Amino acid sequence: MASSKGICILGSTGTIGVNTLDVISRHPDRFHVVALTGHNNSELLLQQCRENEPEVVAVTDADVAEKIERQIRAAGLDIKVLCGVKGLEQVAALPQVDYVMAAIVGAAGLLPTLAAARAGKRVLLANKEALVMSGALFMSEVRDHGAELLPIDSEHNAIFQCMPDNYHTGQGAVGVEKILLTASGGPFREYGPEQLASVTPEQAIAHPNWVMGRKISVDSATMMNKGLELIEACWLFDVSHEKIQVVIHPQSIIHSMVSYNDGSVLAQMGNPDMRTPIAHALAWPERIQSGVEPLDLFEVAKLDFVEPDFAQFPCLALAYESIKLGGTATTALNAANEEAVSAFLDRKLHFTGIAEVIVRTLENVSLKDPDALQVVLDADMEARQICREFIKK
Ligand code: NAD
Ligand code: MG
(Lines give C-alpha, C1' and ligand atoms only; values in the text may rest on other atoms or scores of the structure.)
(Ligands and ions follow the chains in the order given, each with its own letter.)
Protein backbone atom coordinates (compact mmCIF):
# COMPACT_ATOMS: atom_id res chain seq x y z
CA MET A 1 0.00 0.00 0.00
CA ALA A 2 1.10 3.57 -0.70
CA SER A 3 2.59 5.76 2.06
CA SER A 4 0.29 7.67 4.43
CA LYS A 5 -1.24 10.76 2.79
CA GLY A 6 -1.20 14.15 4.53
CA ILE A 7 -4.66 15.71 4.61
CA CYS A 8 -5.80 19.32 4.89
CA ILE A 9 -9.51 19.88 5.55
CA LEU A 10 -10.75 23.35 4.65
CA GLY A 11 -13.94 23.72 6.69
CA SER A 12 -13.31 20.80 9.07
CA THR A 13 -16.05 21.94 11.49
CA GLY A 14 -18.83 21.64 8.88
CA THR A 15 -20.93 18.62 7.95
CA ILE A 16 -18.55 17.50 5.18
CA GLY A 17 -15.51 18.23 7.36
CA VAL A 18 -16.84 16.10 10.22
CA ASN A 19 -17.71 13.24 7.84
CA THR A 20 -14.22 13.44 6.33
CA LEU A 21 -12.61 13.11 9.76
CA ASP A 22 -14.88 10.12 10.43
CA VAL A 23 -13.67 8.31 7.28
CA ILE A 24 -10.02 9.23 7.94
CA SER A 25 -10.23 7.91 11.52
CA ARG A 26 -11.10 4.47 10.12
CA HIS A 27 -7.78 4.37 8.20
CA PRO A 28 -4.95 5.59 10.47
CA ASP A 29 -2.41 3.72 8.33
CA ARG A 30 -3.47 5.50 5.11
CA PHE A 31 -4.11 9.09 6.14
CA HIS A 32 -2.88 11.62 8.69
CA VAL A 33 -4.32 15.05 9.35
CA VAL A 34 -1.86 17.88 8.66
CA ALA A 35 -4.18 20.90 8.75
CA LEU A 36 -7.70 21.86 9.80
CA THR A 37 -9.60 25.10 9.31
CA GLY A 38 -12.67 26.63 10.89
CA HIS A 39 -14.61 29.87 10.97
CA ASN A 40 -16.34 30.61 14.26
CA ASN A 41 -16.92 27.20 15.84
CA SER A 42 -13.75 27.17 17.93
CA GLU A 43 -15.07 24.61 20.47
CA LEU A 44 -15.43 21.93 17.83
CA LEU A 45 -12.15 22.94 16.18
CA LEU A 46 -10.37 22.54 19.51
CA GLN A 47 -11.92 19.11 20.02
CA GLN A 48 -10.80 18.13 16.49
CA CYS A 49 -7.29 19.34 17.35
CA ARG A 50 -7.22 17.15 20.45
CA GLU A 51 -8.38 14.09 18.52
CA ASN A 52 -6.27 14.52 15.37
CA GLU A 53 -3.23 16.53 16.47
CA PRO A 54 -2.71 18.39 13.18
CA GLU A 55 0.48 20.41 12.64
CA VAL A 56 -1.45 23.57 11.93
CA VAL A 57 -4.94 25.08 12.13
CA ALA A 58 -6.23 28.20 10.41
CA VAL A 59 -9.25 30.35 11.24
CA THR A 60 -10.62 33.40 9.46
CA ASP A 61 -10.95 35.76 12.39
CA ALA A 62 -8.02 37.18 14.42
CA ASP A 63 -9.92 37.07 17.76
CA VAL A 64 -10.93 33.45 17.22
CA ALA A 65 -7.30 32.68 16.32
CA GLU A 66 -6.06 34.21 19.58
CA LYS A 67 -8.65 32.31 21.62
CA ILE A 68 -7.90 28.95 20.03
CA GLU A 69 -4.15 29.52 20.34
CA ARG A 70 -4.57 30.02 24.11
CA GLN A 71 -6.75 26.91 24.37
CA ILE A 72 -4.29 24.83 22.33
CA ARG A 73 -1.41 25.90 24.59
CA ALA A 74 -3.47 25.21 27.72
CA ALA A 75 -4.22 21.71 26.39
CA GLY A 76 -0.46 21.11 25.97
CA LEU A 77 -0.74 20.66 22.21
CA ASP A 78 1.96 21.66 19.72
CA ILE A 79 -0.13 23.14 16.89
CA LYS A 80 0.60 26.28 14.91
CA VAL A 81 -2.33 28.70 14.47
CA LEU A 82 -2.71 30.81 11.33
CA CYS A 83 -5.37 33.37 10.58
CA GLY A 84 -7.24 35.14 7.77
CA VAL A 85 -7.74 34.15 4.15
CA LYS A 86 -3.95 34.11 3.74
CA GLY A 87 -3.75 31.55 6.54
CA LEU A 88 -6.33 29.35 4.79
CA GLU A 89 -4.44 29.65 1.49
CA GLN A 90 -1.18 28.81 3.24
CA VAL A 91 -2.41 25.57 4.84
CA ALA A 92 -3.94 24.38 1.55
CA ALA A 93 -0.55 24.69 -0.14
CA LEU A 94 1.76 23.20 2.56
CA PRO A 95 4.31 20.80 1.06
CA GLN A 96 3.43 18.08 3.60
CA VAL A 97 -0.23 18.16 2.43
CA ASP A 98 -1.10 15.65 -0.31
CA TYR A 99 -4.90 15.91 -0.40
CA VAL A 100 -7.09 18.96 0.29
CA MET A 101 -10.75 18.50 1.17
CA ALA A 102 -12.38 21.76 -0.01
CA ALA A 103 -15.41 21.90 2.29
CA ILE A 104 -15.87 25.58 3.11
CA VAL A 105 -19.37 26.74 2.23
CA GLY A 106 -19.91 29.44 -0.39
CA ALA A 107 -17.68 31.97 -2.12
CA ALA A 108 -15.41 32.07 0.96
CA GLY A 109 -14.00 28.74 -0.23
CA LEU A 110 -12.77 30.02 -3.58
CA LEU A 111 -9.35 31.45 -2.68
CA PRO A 112 -8.14 28.59 -0.43
CA THR A 113 -9.44 25.99 -2.92
CA LEU A 114 -7.65 27.78 -5.75
CA ALA A 115 -4.49 27.80 -3.61
CA ALA A 116 -4.75 24.00 -3.34
CA ALA A 117 -5.14 23.69 -7.12
CA ARG A 118 -2.20 26.01 -7.75
CA ALA A 119 -0.06 23.92 -5.39
CA GLY A 120 -0.87 20.84 -7.53
CA LYS A 121 -2.72 18.93 -4.79
CA ARG A 122 -5.40 16.27 -5.07
CA VAL A 123 -8.42 18.52 -4.53
CA LEU A 124 -11.54 16.82 -3.18
CA LEU A 125 -14.17 19.35 -4.16
CA ALA A 126 -17.28 19.74 -2.00
CA ASN A 127 -17.30 23.55 -2.31
CA LYS A 128 -19.35 23.64 -5.54
CA GLU A 129 -19.69 27.45 -5.30
CA ALA A 130 -16.00 27.80 -6.25
CA LEU A 131 -16.67 26.21 -9.65
CA VAL A 132 -19.96 28.06 -10.16
CA MET A 133 -18.17 31.38 -9.54
CA SER A 134 -15.10 30.79 -11.62
CA GLY A 135 -15.38 27.54 -13.62
CA ALA A 136 -13.09 28.40 -16.55
CA LEU A 137 -10.42 29.92 -14.36
CA PHE A 138 -10.54 27.15 -11.76
CA MET A 139 -10.30 24.35 -14.33
CA SER A 140 -7.36 26.03 -16.06
CA GLU A 141 -5.50 26.38 -12.73
CA VAL A 142 -6.08 22.67 -12.09
CA ARG A 143 -4.70 21.80 -15.55
CA ASP A 144 -1.76 24.22 -15.45
CA HIS A 145 -0.54 23.05 -12.05
CA GLY A 146 -1.05 19.31 -12.51
CA ALA A 147 -3.63 19.14 -9.70
CA GLU A 148 -6.08 16.24 -9.51
CA LEU A 149 -9.73 17.23 -9.09
CA LEU A 150 -12.16 14.69 -7.62
CA PRO A 151 -15.82 15.50 -6.97
CA ILE A 152 -17.34 15.06 -3.52
CA ASP A 153 -20.85 16.28 -4.33
CA SER A 154 -22.70 12.94 -4.32
CA GLU A 155 -24.15 13.42 -7.82
CA HIS A 156 -20.84 14.41 -9.39
CA ASN A 157 -19.00 11.68 -7.57
CA ALA A 158 -21.62 9.24 -8.93
CA ILE A 159 -21.17 10.58 -12.48
CA PHE A 160 -17.39 10.29 -12.12
CA GLN A 161 -17.82 6.66 -11.01
CA CYS A 162 -19.98 5.98 -14.10
CA MET A 163 -17.39 7.44 -16.50
CA PRO A 164 -15.05 5.20 -18.56
CA ASP A 165 -11.85 3.78 -17.01
CA ASN A 166 -8.95 6.24 -16.85
CA TYR A 167 -11.36 9.16 -17.03
CA HIS A 168 -10.14 12.42 -15.47
CA THR A 169 -12.27 15.45 -14.61
CA GLY A 170 -12.09 18.34 -17.06
CA GLN A 171 -12.11 15.98 -20.05
CA GLY A 172 -15.07 15.17 -22.26
CA ALA A 173 -15.86 11.43 -22.31
CA VAL A 174 -16.29 9.48 -25.54
CA GLY A 175 -19.71 7.90 -26.10
CA VAL A 176 -21.58 9.91 -23.48
CA GLU A 177 -25.02 10.95 -24.76
CA LYS A 178 -26.40 12.52 -21.64
CA ILE A 179 -25.78 13.03 -17.94
CA LEU A 180 -28.79 12.35 -15.74
CA LEU A 181 -28.41 14.53 -12.66
CA THR A 182 -30.69 13.25 -9.91
CA ALA A 183 -32.39 15.49 -7.35
CA SER A 184 -34.43 14.57 -4.30
CA GLY A 185 -36.71 17.56 -4.95
CA GLY A 186 -36.16 18.70 -1.34
CA PRO A 187 -38.79 18.99 1.40
CA PHE A 188 -41.26 21.08 -0.66
CA ARG A 189 -41.51 18.92 -3.75
CA GLU A 190 -45.26 18.70 -3.46
CA TYR A 191 -46.01 22.22 -2.18
CA GLY A 192 -48.22 24.67 -4.07
CA PRO A 193 -47.40 28.41 -4.49
CA GLU A 194 -49.18 29.53 -1.30
CA GLN A 195 -47.53 26.93 0.87
CA LEU A 196 -44.14 27.84 -0.62
CA ALA A 197 -44.60 31.53 0.20
CA SER A 198 -44.97 30.82 3.93
CA VAL A 199 -42.09 28.36 4.36
CA THR A 200 -39.96 29.08 7.46
CA PRO A 201 -36.16 28.68 7.84
CA GLU A 202 -36.78 25.76 10.25
CA GLN A 203 -38.82 23.91 7.62
CA ALA A 204 -36.32 24.69 4.88
CA ILE A 205 -33.28 23.32 6.71
CA ALA A 206 -34.95 20.00 7.56
CA HIS A 207 -34.02 17.93 4.49
CA PRO A 208 -35.83 14.57 4.15
CA ASN A 209 -32.80 12.47 3.06
CA TRP A 210 -29.54 14.26 3.85
CA VAL A 211 -28.04 15.97 6.93
CA MET A 212 -26.28 19.09 5.64
CA GLY A 213 -25.20 22.64 6.53
CA ARG A 214 -27.85 25.39 6.64
CA LYS A 215 -27.02 27.08 3.34
CA ILE A 216 -26.99 23.93 1.19
CA SER A 217 -30.20 22.76 2.93
CA VAL A 218 -32.00 25.95 1.86
CA ASP A 219 -30.47 25.57 -1.62
CA SER A 220 -31.91 22.05 -1.78
CA ALA A 221 -35.34 23.36 -0.77
CA THR A 222 -35.34 26.02 -3.53
CA MET A 223 -33.61 23.56 -5.91
CA MET A 224 -30.90 26.18 -6.48
CA ASN A 225 -28.62 23.41 -5.24
CA LYS A 226 -29.48 21.43 -8.38
CA GLY A 227 -28.93 24.57 -10.45
CA LEU A 228 -25.47 25.05 -8.93
CA GLU A 229 -24.80 21.35 -9.51
CA LEU A 230 -25.81 21.66 -13.16
CA ILE A 231 -23.18 24.39 -13.60
CA GLU A 232 -20.67 22.36 -11.57
CA ALA A 233 -21.26 19.34 -13.85
CA CYS A 234 -20.68 21.39 -17.02
CA TRP A 235 -17.19 22.30 -15.81
CA LEU A 236 -16.23 19.00 -14.18
CA PHE A 237 -17.23 16.85 -17.15
CA ASP A 238 -16.71 19.36 -19.96
CA VAL A 239 -20.29 19.05 -21.25
CA SER A 240 -22.85 21.56 -22.44
CA HIS A 241 -25.90 22.16 -20.21
CA GLU A 242 -27.99 20.74 -23.08
CA LYS A 243 -26.53 17.31 -22.37
CA ILE A 244 -27.55 17.39 -18.70
CA GLN A 245 -31.04 16.38 -17.65
CA VAL A 246 -32.29 16.92 -14.12
CA VAL A 247 -34.33 13.96 -12.86
CA ILE A 248 -36.32 14.13 -9.62
CA HIS A 249 -35.71 10.92 -7.71
CA PRO A 250 -37.20 11.37 -4.23
CA GLN A 251 -35.57 8.31 -2.59
CA SER A 252 -31.96 9.57 -3.17
CA ILE A 253 -30.69 6.03 -3.77
CA ILE A 254 -29.40 6.55 -7.30
CA HIS A 255 -26.96 9.45 -6.99
CA SER A 256 -26.82 10.18 -10.76
CA MET A 257 -26.41 8.37 -14.07
CA VAL A 258 -24.52 8.50 -17.36
CA SER A 259 -26.33 7.55 -20.55
CA TYR A 260 -24.11 6.18 -23.37
CA ASN A 261 -24.65 6.07 -27.13
CA ASP A 262 -25.03 2.27 -27.16
CA GLY A 263 -28.16 2.54 -25.01
CA SER A 264 -26.45 1.72 -21.69
CA VAL A 265 -27.32 3.84 -18.68
CA LEU A 266 -24.88 3.47 -15.79
CA ALA A 267 -26.01 4.46 -12.30
CA GLN A 268 -24.23 4.69 -8.97
CA MET A 269 -26.38 3.71 -5.99
CA GLY A 270 -26.04 3.65 -2.24
CA ASN A 271 -27.55 4.90 0.98
CA PRO A 272 -27.57 8.70 1.12
CA ASP A 273 -24.45 9.23 3.26
CA MET A 274 -21.64 11.59 2.23
CA ARG A 275 -19.01 9.23 3.65
CA THR A 276 -19.33 7.14 0.44
CA PRO A 277 -18.15 9.87 -1.98
CA ILE A 278 -15.61 11.08 0.60
CA ALA A 279 -14.09 7.59 0.97
CA HIS A 280 -14.19 7.10 -2.80
CA ALA A 281 -12.26 10.29 -3.50
CA LEU A 282 -9.78 9.78 -0.64
CA ALA A 283 -8.83 6.28 -1.81
CA TRP A 284 -9.36 6.61 -5.58
CA PRO A 285 -8.66 4.51 -7.59
CA GLU A 286 -8.84 2.03 -4.72
CA ARG A 287 -11.87 1.33 -2.50
CA ILE A 288 -11.92 1.57 1.29
CA GLN A 289 -14.43 1.14 4.13
CA SER A 290 -16.49 4.27 4.74
CA GLY A 291 -18.71 3.23 7.64
CA VAL A 292 -21.82 3.49 5.43
CA GLU A 293 -24.50 0.81 5.89
CA PRO A 294 -24.82 -1.48 2.86
CA LEU A 295 -27.81 -0.76 0.63
CA ASP A 296 -30.84 -3.00 1.25
CA LEU A 297 -32.81 -2.95 -2.00
CA PHE A 298 -35.73 -4.86 -0.48
CA GLU A 299 -36.08 -2.13 2.13
CA VAL A 300 -35.93 0.55 -0.61
CA ALA A 301 -38.40 -1.51 -2.73
CA LYS A 302 -39.22 1.28 -5.16
CA LEU A 303 -37.38 3.96 -7.15
CA ASP A 304 -39.37 6.86 -8.63
CA PHE A 305 -38.39 9.35 -11.34
CA VAL A 306 -40.25 12.58 -12.12
CA GLU A 307 -39.58 15.56 -14.38
CA PRO A 308 -38.76 18.81 -12.53
CA ASP A 309 -41.34 21.61 -12.53
CA PHE A 310 -39.48 24.80 -13.45
CA ALA A 311 -42.43 27.03 -12.50
CA GLN A 312 -42.49 25.60 -8.99
CA PHE A 313 -38.70 25.84 -8.70
CA PRO A 314 -37.64 29.02 -10.58
CA CYS A 315 -34.12 28.83 -9.13
CA LEU A 316 -33.43 25.81 -11.31
CA ALA A 317 -34.54 27.74 -14.41
CA LEU A 318 -32.32 30.67 -13.34
CA ALA A 319 -29.28 28.42 -13.24
CA TYR A 320 -29.96 27.20 -16.81
CA GLU A 321 -30.43 30.82 -17.91
CA SER A 322 -27.24 32.05 -16.30
CA ILE A 323 -25.12 29.32 -17.86
CA LYS A 324 -26.63 30.20 -21.25
CA LEU A 325 -25.82 33.89 -20.65
CA GLY A 326 -22.20 32.94 -19.93
CA GLY A 327 -19.46 35.31 -18.74
CA THR A 328 -19.82 36.29 -15.09
CA ALA A 329 -23.58 35.45 -15.01
CA THR A 330 -23.01 32.32 -12.91
CA THR A 331 -20.74 34.32 -10.56
CA ALA A 332 -23.62 36.78 -10.08
CA LEU A 333 -26.15 33.96 -9.67
CA ASN A 334 -24.07 32.43 -6.89
CA ALA A 335 -23.43 35.73 -5.13
CA ALA A 336 -27.08 36.81 -5.24
CA ASN A 337 -28.16 33.39 -4.02
CA GLU A 338 -25.79 33.54 -1.03
CA GLU A 339 -27.12 36.97 -0.08
CA ALA A 340 -30.74 35.90 -0.54
CA VAL A 341 -30.37 32.68 1.45
CA SER A 342 -28.68 34.51 4.27
CA ALA A 343 -31.50 37.11 4.32
CA PHE A 344 -34.09 34.30 4.32
CA LEU A 345 -32.34 32.59 7.26
CA ASP A 346 -32.37 35.98 9.08
CA ARG A 347 -36.12 36.26 8.32
CA LYS A 348 -35.58 39.35 6.15
CA LEU A 349 -36.90 37.69 3.00
CA HIS A 350 -39.70 35.20 2.20
CA PHE A 351 -38.78 31.82 0.78
CA THR A 352 -40.21 32.75 -2.63
CA GLY A 353 -38.37 36.09 -2.41
CA ILE A 354 -35.06 34.21 -2.87
CA ALA A 355 -35.73 33.59 -6.59
CA GLU A 356 -37.27 37.06 -7.01
CA VAL A 357 -34.19 38.99 -5.83
CA ILE A 358 -31.89 36.75 -7.87
CA VAL A 359 -33.90 37.50 -11.05
CA ARG A 360 -33.64 41.23 -10.39
CA THR A 361 -29.94 41.02 -9.65
CA LEU A 362 -29.26 39.12 -12.87
CA GLU A 363 -31.21 41.79 -14.79
CA ASN A 364 -29.02 44.54 -13.33
CA VAL A 365 -25.47 43.21 -13.26
CA SER A 366 -22.90 43.92 -15.97
CA LEU A 367 -21.59 40.74 -17.58
CA LYS A 368 -17.84 40.39 -18.11
CA ASP A 369 -15.50 37.78 -19.51
CA PRO A 370 -14.16 36.04 -16.37
CA ASP A 371 -10.59 35.77 -17.66
CA ALA A 372 -8.91 36.91 -14.43
CA LEU A 373 -9.53 36.29 -10.75
CA GLN A 374 -10.10 39.99 -10.07
CA VAL A 375 -12.92 40.07 -12.65
CA VAL A 376 -14.62 37.20 -10.81
CA LEU A 377 -14.17 38.81 -7.37
CA ASP A 378 -15.50 42.16 -8.68
CA ALA A 379 -18.53 40.49 -10.28
CA ASP A 380 -19.24 38.69 -7.00
CA MET A 381 -19.07 41.98 -5.08
CA GLU A 382 -21.21 43.89 -7.59
CA ALA A 383 -23.97 41.24 -7.55
CA ARG A 384 -24.00 41.19 -3.73
CA GLN A 385 -24.40 44.97 -3.56
CA ILE A 386 -27.24 44.97 -6.10
CA CYS A 387 -28.97 42.05 -4.44
CA ARG A 388 -28.80 43.65 -0.97
CA GLU A 389 -30.61 46.71 -2.36
CA PHE A 390 -33.46 44.51 -3.65
CA ILE A 391 -33.63 42.64 -0.33
CA LYS A 392 -34.10 45.96 1.53
CA LYS A 393 -37.05 46.95 -0.70
P1 NAD B 1 -21.46 23.63 6.80
O2 NAD B 1 -22.16 24.91 6.95
O3 NAD B 1 -21.83 22.48 7.65
O4 NAD B 1 -19.87 23.87 6.99
C5 NAD B 1 -19.19 24.91 6.38
C6 NAD B 1 -17.74 24.98 6.80
O7 NAD B 1 -17.19 26.17 6.23
C8 NAD B 1 -17.51 25.09 8.32
O9 NAD B 1 -16.34 24.42 8.66
C10 NAD B 1 -17.33 26.59 8.54
O11 NAD B 1 -16.53 26.87 9.65
C12 NAD B 1 -16.63 27.00 7.25
N13 NAD B 1 -16.91 28.39 6.89
C14 NAD B 1 -18.12 29.01 6.83
N15 NAD B 1 -17.99 30.29 6.46
C16 NAD B 1 -16.67 30.50 6.26
C17 NAD B 1 -15.90 31.64 5.88
N18 NAD B 1 -16.47 32.81 5.60
N19 NAD B 1 -14.56 31.48 5.77
C20 NAD B 1 -13.96 30.30 6.04
N21 NAD B 1 -14.65 29.18 6.42
C22 NAD B 1 -15.98 29.29 6.53
O23 NAD B 1 -21.55 23.23 5.25
P24 NAD B 1 -21.49 21.76 4.59
O25 NAD B 1 -22.83 21.18 4.53
O26 NAD B 1 -20.37 20.97 5.21
O27 NAD B 1 -21.10 22.15 3.09
C28 NAD B 1 -19.79 22.55 2.75
C29 NAD B 1 -19.67 22.60 1.23
O30 NAD B 1 -19.89 21.29 0.71
C31 NAD B 1 -20.72 23.50 0.56
O32 NAD B 1 -20.15 24.12 -0.54
C33 NAD B 1 -21.80 22.52 0.11
O34 NAD B 1 -22.49 22.96 -1.02
C35 NAD B 1 -20.95 21.29 -0.23
N36 NAD B 1 -21.68 20.03 -0.14
C37 NAD B 1 -22.19 19.62 1.05
C38 NAD B 1 -22.92 18.44 1.13
C39 NAD B 1 -23.48 17.94 2.43
O40 NAD B 1 -24.05 16.85 2.44
N41 NAD B 1 -23.34 18.63 3.53
C42 NAD B 1 -23.11 17.68 -0.03
C43 NAD B 1 -22.58 18.12 -1.23
C44 NAD B 1 -21.86 19.31 -1.27
MG1 MG C 1 -25.30 17.17 -4.26
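**Conventions.** I number residues from 1 along each chain as its sequence is written, letter chains from A and number ligands from 1 in the order in which they are written. Because the model is predicted, local features need pLDDT of at least 70 and side-chain atom pairs count only at pLDDT 80 or more, while totals for chains, interfaces and linings use all residues; side-chain values use heavy atoms, with hydrogens and water left out.

**Entry 1: H4 and H5.** I took helices as DSSP runs (H or I, at least four residues), numbered from the N terminus. Helix H4 covers residues 84-92 and helix H5 residues 110-118; they pack at an angle of about 25°, with their axes 8 Å apart. Axes are lines fitted to C-alpha atoms over the stretch in contact, and angles run from 0 to 180 degrees between N-to-C directions. H4 and H5 are therefore roughly parallel to each other (angles under 35 degrees). H4 passes H5 in a right-handed crossing, the near helix being turned clockwise from the far one by less than a right angle. I found Val85, Leu88, Glu89 and Ala92 of H4 meeting Leu111, Pro112, Ala115 and Ala116 of H5 (heavy atoms within 4.5 Å). The residues of this contact comprise seven nonpolar, no polar and one charged; Ala, Val, Leu, Ile, Met, Phe, Trp, Tyr, Cys and Pro count as nonpolar, Asp, Glu, Lys and Arg as charged, and the others, Gly among them, as polar.

**Entry 2: H5 and H6.** I then followed H5 to helix H6 (residues 128-144), where the axes come within 10 Å and cross at roughly 15°. The crossing is right-handed. On H5 the contact is made by Leu110, Thr113, Leu114, Ala117 and Arg118, and on H6 by Ala130, Met133, Ser134, Phe138, Glu141 and Val142. I note seven nonpolar, two polar and two charged residues in the contact of H5 with H6.

**Entry 3: H14 and H16.** Helix H14 (residues 314-325) packs with helix H16 (residues 353-364) at an angle of about 20°, their axes 10 Å apart. Pro314, Cys315 and Leu318 in H14 meet Ala355, Ile358, Val359 and Leu362 in H16. The residues of this contact divide into seven nonpolar, no polar and no charged.

**Entry 4: ligand 1.** I looked up the 23 residues around ligand 1 (a heavy atom within 4 Å); Thr13, Thr15, Ile16, Glu129 and Gly213 come nearest. An oxygen atom of ligand 1 is 2.8 Å from a polar backbone atom of Gly213. A backbone N or O atom of Gly14 lies 3.0 Å from an oxygen atom of the ligand, and one of His39 lies 3.2 Å from an oxygen atom of the ligand.

Technical notes
Helices (H or I, at least four residues) and strands (E, at least two) are DSSP runs, numbered from the N terminus. Angles under 35 degrees count as roughly parallel, over 145 as roughly antiparallel, 65 to 115 as roughly perpendicular and the rest as oblique. A polar contact is a pair of N or O atoms within 3.5 Å; within protein, one must be able to donate a hydrogen and the other to accept it, and residues adjacent in sequence count only if both atoms are side-chain atoms.
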